[in-house]
Amino acid sequence: MTGSTTANAWPTGERVAPLKLTNLLDLEALAQAIIPATGFDYIVGGAGAEQTLQENRASFDRRFVTQRVLTGKVVESLQTRVLGSALASPVIIAPMGGQAIAHVSAEAGTARGAHAAGTLLTVSTVSTLSLEDIAQASNGDKWFQLYLTRDDGFNRELIQRAVSAGYKAIALTVDVPVGGHRERCIRHEFAYPPVAQPRNFLDLLGQPRGVERTFQPCLDHRSLDFVRQHSPLPLIIKGIASPLDALAAVDFGADALQVSNHGGRQLDGTPGAFSVLPSIAQAVQGRVPLIFDSGIRRGLDVFKALASGADVVALGRPVLFGLALGGWQGVESVLNHINAELRTVMQLAGAATVADIRGLPLVKVE
Ligand SMILES: Cc1cc2nc3c(=O)[nH]c(=O)nc-3n(C[C@H](O)[C@H](O)[C@H](O)COP(=O)(O)O)c2cc1C
């Protein structure tokens, strides 16, 4: 495989069907059978030795939920709200670039599936389809994920396009001042699928050393000021993994934080994201909403994240597997499944509503 994009390396099938699911972890092997290896490894892979990627899952195994009986509670609803958007459940979709890797419908399929399940998605700066086309693909709320480039004119244009297209918030990703050392991508000489629209950001990234040449490596409080200057939308800072950075981002004017280690794709050797969530929640003290991602695979994980201070969680890789296996209906199936799991956990742990979960402390067993 060469570094250049080869059209026939990406899925061309247009399978659209609901999925029969037992759990979301099983999806990975099913998706591996249909996504070409270079794309599959781009999706599943992490940085370096993938220690953080593994910890993102393992960290959930070190906290336990208390079973509750005789509470008289029956689950009433999974509904919640975040930054003004009404959601069917506290599970939203994380931004992921180049979704043509998974399915020909790309981000349009994900947007339709998210809306069908009553939730929102964040659209990546490095989407396959243009942000305007994705905005048109469903009536559901969407957030725009922003990578700042070295070109302020381009940054301004991107922000203004997102505002004009009706996005409800900007999520500024701050944990990619440089691309993570992703060994699976290096082995495959990974390159994003070709894009049809000349205005698309992926054109820039398709070049050799695209991330290093394109992304702004120096991010600080001025980065937040820049976005605010050009957008009236709520500003989420994505990629917070320490209490100190959380407090700084709130002081710099963030309207929400996304606690995330980018799914283990950036700095390897850091703790699982779930391990650092409680200390971040403690530091922030509810001043802004907390979105959590990195490692969520089960309804039980959603419950644990909410009990540890998250307001909503964002799901990453399983959504792309659902998209690959069933198009927009696959995405809807993935969301419906994790919501059904969450409902069962809530009933068995004595939580009637999402708000109830926050009052239920987890147990640490040494
Ligand atoms: C294939 C893929 C592409 C991604 N692209 C982006 C991106 O463009 N922007 C971004 O902020 N995060 C990106 N992420 C990180 C996700 O938003 C999220 O932090 C992570 O996937 C959550 O972890 P999980 O996959 O374990 O659920 C990407 C993740 C994956 C797996």
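This is a predicted model: local features need pLDDT of at least 70, side-chain atom pairs count only at pLDDT 80 or more; totals for chains, interfaces and linings use all residues.

Student: Which residues of H12 make the contact with H11?

Tutor: H11 passes H12 in a right-handed crossing. On the H11 side, the contact uses Pro243, Ala246, Leu247 and Val250. By class, this contact has seven nonpolar, one polar and no charged residues. The H12 partners are Ser279, Ile280, Ala283 and Val284.

Student: Are H6 and H10 parallel or oblique to each other?

Tutor: Helix H6 (residues 152-164) and helix H10 (residues 221-230) have axes 9 Å apart and pack at an angle of about 50 degrees. Angles under 35 degrees would count as roughly parallel, and 65 to 115 as roughly perpendicular. H6 and H10 are therefore oblique.

Student: How many charged residues does the contact of H6 with H10 have?

Tutor: Asn155, Arg156, Ile159 and Gln160 in H6 meet Phe226, Val227 and His230 in H10. By class, that contact has three nonpolar and three polar residues, and the charged count is one.

Student: How many residues of H13 are buried?

Tutor: Helix H13 spans residues 299-307 and is mostly covered. Among its buried residues are Asp301, Phe303 and Lys304.

Student: How many polar residues are in the shell around the ligand?

Tutor: The ligand is surrounded by 23 residues, with Ala94, Gly97, Ser124, Gly263 and Gly316 the closest. Eight in the shell are nonpolar and four are charged, while the polar count is 11.

Notes:
Residues are numbered from 1 along each chain as its sequence is written. A residue is near a molecule or strand if its C-beta atom, placed from the backbone, lies within 6 Å of it. Ala, Val, Leu, Ile, Met, Phe, Trp, Tyr, Cys and Pro count as nonpolar, Asp, Glu, Lys and Arg as charged, and the others, Gly among them, as polar. A residue is buried if 20 or more other C-beta atoms lie within 10 Å of its own, exposed if 12 or fewer, and partly exposed in between; C-beta atoms are placed from the backbone. Helices (H or I, at least four residues) and strands (E, at least two) are DSSP runs, numbered from the N terminus. A crossing is left-handed if the near helix is turned anticlockwise from the far one by less than a right angle, and right-handed if clockwise. Two residues are in contact if their C-beta atoms, placed from the backbone, lie within 7 Å. Axes are lines fitted to C-alpha atoms, for helices over the stretch in contact, and angles run from 0 to 180 degrees between N-to-C directions. Angles under 35 degrees count as roughly parallel, over 145 as roughly antiparallel, 65 to 115 as roughly perpendicular and the rest as oblique.
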